[in-house]
Amino acid sequence: MATQPTTGILARMLLRKTVEQVQRETQTSQLKRTLGPWNLVFLGIGCIIGAGIFVRTGSAASLHAGPAVLISFLIAGVVCALAGLCYAELSSTLPVSGSAYTYSYTTIGEFAAWIMGALLLLEYGLAASVVAVGWAGYVVSLLKDFGLVIPVMLTGPTGHHVQQAGIDILVNGAPVIYLFNLPAFLICMAMTALLVIGVSESAKVNNVIVAIKVTVIMAFIFICGGYVIAHIDTLKSNWDPFIPPASGEKGEFGWGGILRAASIVFFAYIGFEAVSTAGQEAKNPKKDMPIGLLGSLFICTAIYILVSIVMTLIVNYKTLNVPDPVAVAVDALGPQWAWFAKLVKAGAIVGLTSVVLVLMYGQTRIFYTMARDGLLPRVFATVHQKFKTPWVNTILVGLITAVAAAFFDINTLGDMTSVGTLAAFAIVCLSVIWLRRTHPDIPRGFTVPLYPFVPALGIIACVALIFTVETRVLIFFGWYTLIAIVLYFAYGMHHSRLAKGLDEMEQPDMGEFPGPVPE
């Protein structure tokens, strides 16, 4: 059972599932343990590749770091490695589905788990919106290659000016304004329909999609890299200066811009902890989970640095503030490479479609788990009688994701996602410290090296990157967190099954969840 404090608000907020209870849930799980270390590495790469490199690299270079965006990737990779080591310890100690939400519930307590659930809405829900906007950019670009043009007013965030090369497009002296992003809205609703129907994506299918994405990226590196080498005398000017001088505005170039860009490209890593959701399906979680987490992180960091080098050499960084920076780079090769440009864009679309699906699926899983625990209304755990999927939950996630993708610009969405993810990672690092203090003797398949230096540095690094984002995003995050706290005291605290001394509810048949890691 749970640790059962009976009096006081603080004691109530610190109510926890016991480690023994969580491990019992793991032992009684009927999920097959079929995923080996390479399956987990490919799962991590599958969710990482596409969630950032195809989308946000351009704005990070164009607006903040210039060619030095590769340093930003290194910084973001180090921060993720600190959090990744903490994820590895928790996932080898508590190999359960639910990821950071369950970790928080077991270590720090119910209030922290609720906050984590709210942060994961930013990490998964809004991240899906960001990727959907990037998907739309590549679709618009590819269709244009075939002579099919979507009205420009239906391809961008509401109220923003349509620009070309950073300059407003004018009609009769007035700027053209986007109405909303129709392709991004449609892809979110299409993925919602698939999730409701229950079209599952097996680990083998996921491996094929990962192979396509990695092949596209490697082809981009080799072909565009060869082009850069052949024309280095003319292209090297794109790296002059390598670190553009600071403009005087917060986060605009200089070392301040590199740190600001690190918080942006951090988005490119958010998928790596998806490996931790596969804890109940790993053959040997104590050994395989750390390999999956850190292996996918290392491989993707190397790929990202190579892509950023090629991208900022082949075109000037100032032209990359677009949803589809890789498309801009391959288009610069010239008409003789038009076939390659089409292949890259098609590969990006396939990869990004999978990422939207996986991220939305992850969000439905979080809502389902919270509803199962009583922290959200039980309707979110309602399973469709025919499709065997949590359809009410899925439709809500789909609408949130689609509306955000259709009406908000990609930079704002990406910053909100990064802030939520960084805060979630900080809590994970804190959870390691908390669990070490409260359960020092529990068996751990993997332990964070240089404890407590690594988790403490992870917390500091995550918080530091949070405060590099724009003030308006921090204000939004503050209000969002405040609303989440109010909702906990208004609903979650009074309906928690754990507080009532109840074990997990009798779970309805969840059917086959779409995604590479069915719950």
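Student: Hi! Which residues touch the most other members in the largest nonpolar core?
Tutor: Phe54, Phe73, Phe220 and Tyr304 do, in a core of 163 residues. Keep in mind that this is a predicted model.

Student: And which helix gives the most to this core?
Tutor: That would be helix α7, spanning residues 110-145, which supplies 24 residues.

Student: Back to Phe220. What is it in contact with, leaving aside its neighbours within four places in sequence?
Tutor: Phe220 contacts Gly225, Val307, Val310, Met311, Val326, Ala329, Val330 and Phe340.

Student: Nice. Now the whole protein: how many helices and strands are there?
Tutor: There are 18 helices and four strands.

Student: How much of the protein is buried?
Tutor: Of its 519 residues, 58% count as buried. As for the accessible surface, that is about 20,000 Å², and carbon and sulfur atoms make up 69% of it.

Student: Changing topic, at what angle do α16 and α17 pack?
Tutor: About 165°, and their axes lie 8 Å apart. Helix α16 covers residues 410-438, while α17 covers residues 453-466.

Student: So are they roughly parallel or antiparallel?
Tutor: Roughly antiparallel, because angles over 145 degrees count that way.

Student: Is the crossing left-handed or right-handed?
Tutor: The crossing of α16 and α17 is left-handed.

Student: Which residues meet there?
Tutor: On the α16 side, they include Val419, Leu422, Phe425 and Cys429. Those from α17 include Pro455, Ile459, Cys462 and Ile466.

Student: One last thing: what share of contacts with a separation of 6 or more comes from residues 24 or more positions apart?
Tutor: In this protein, such residues account for 82% of those contacts.

Note on methods. Residues are numbered from 1 along each chain as its sequence is written. This is a predicted model: local features need pLDDT of at least 70, side-chain atom pairs count only at pLDDT 80 or more; totals for chains, interfaces and linings use all residues. Side-chain values use heavy atoms; hydrogens and water are left out. Helices (H or I, at least four residues) and strands (E, at least two) are DSSP runs, numbered from the N terminus. Buried means under 20% relative accessible area, exposed over 50%, partly exposed in between (1.4 Å probe, protein chains only). Contact means heavy atoms within 4.5 Å. Accessible areas come from the Shrake-Rupley method with a 1.4 Å probe; for residues, only the protein chains shown count as cover. A nonpolar core is a set of buried Ala, Val, Leu, Ile, Met, Phe, Trp, Tyr and Cys residues joined through side-chain atoms within 4.5 Å. Axes are lines fitted to C-alpha atoms, for helices over the stretch in contact, and angles run from 0 to 180 degrees between N-to-C directions. Angles under 35 degrees count as roughly parallel, over 145 as roughly antiparallel, 65 to 115 as roughly perpendicular and the rest as oblique. A crossing is left-handed if the near helix is turned anticlockwise from the far one by less than a right angle, and right-handed if clockwise.
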